[in-house]
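Have a look at the model, then work through the steps.

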Amino acid sequence: VQLQASGGGLVQAGGSLRLSCAASGSDFSIKAMGWYRQAPGKERELVAVIIEDHNTLYADSVKGRFIISRNNTESAVYLQMNSLKSEDTAVYYCNVKAANSNLYLSHYWGQGTQVTVSS
C-alpha cells in the first residue's frame, strides 16, 4: 500500500487547512485510516482515526476543531482542520491499517506533510 498525502502549508492562527491522503496498491482491505502528527522534540501522536467506515476517534486537543472523513471509492482520507492554533504546528502523517489477501494486518505511513500555524 502506498500513501500520498497533500494539503499542508502555512496558515494564520484561526485559519483552516484540509489534508488529503490517497491509498493505492492492490489486494488490500482498509480497516482504519487516520492522521498522526509530530512536533519538534515531541513524540508522534494520534490526531484522528476513522475505523472501518464510520467510527471516529479524536485526540482531546482537536475535538470540535478537526473533522476526519473518508472516501471509500477513492481509498482516501481527509482531515479538515479549523480554528488552527500555533500548537497544531507539526508534520502530519497519514496512516492506514490494512489487511492483505491473507488477512495479515499491517500499518502503512505516508511521507508527512508540514503544517505551520503562525500566531
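Tyr-36, Tyr-93 and Trp-109 are linked into a cluster by ring pairs. Keep in mind that this is a predicted model, where local features need pLDDT of at least 70, side-chain atom pairs count only at pLDDT 80 or more, and totals for chains, interfaces and linings use all residues. Residues are numbered from 1 along each chain as its sequence is written, and side-chain values use heavy atoms, with hydrogens and water left out.

**Exercise 1.** Work out how Tyr-36 and Trp-109 pair.

Step 1: rings of Phe, Tyr and Trp (its six-membered ring) pair if their centres lie within 6.5 Å; planes under 30 degrees apart are stacked, over 60 edge-to-face, and the rest tilted.
Step 2: here the centres are 5.0 Å apart and the planes 65 degrees, so the pair is edge-to-face.
Step 3: Tyr-36 sits in strand 4 (residues 28–38) and Trp-109 in strand 10 (residues 105–109), 73 residues apart; strands are DSSP runs of E, at least two residues, numbered from the N terminus.

**Exercise 2.** Is Tyr-93 buried or exposed?

Step 1: buried means under 20% relative accessible area, exposed over 50%, and partly exposed in between (1.4 Å probe, protein chains only).
Step 2: Tyr-93 has 16% relative accessibility, so Tyr-93 is buried.
Step 3: Trp-109, at 40%, counts as partly exposed.

**Exercise 3.** Find the charged end over the ring of Trp-109.

Step 1: look for NZ of Lys or CZ of Arg within 6 Å of the ring centre and within 35 degrees of the ring normal.

Notes:
Helices (H or I, at least four residues) and strands (E, at least two) are DSSP runs, numbered from the N terminus.
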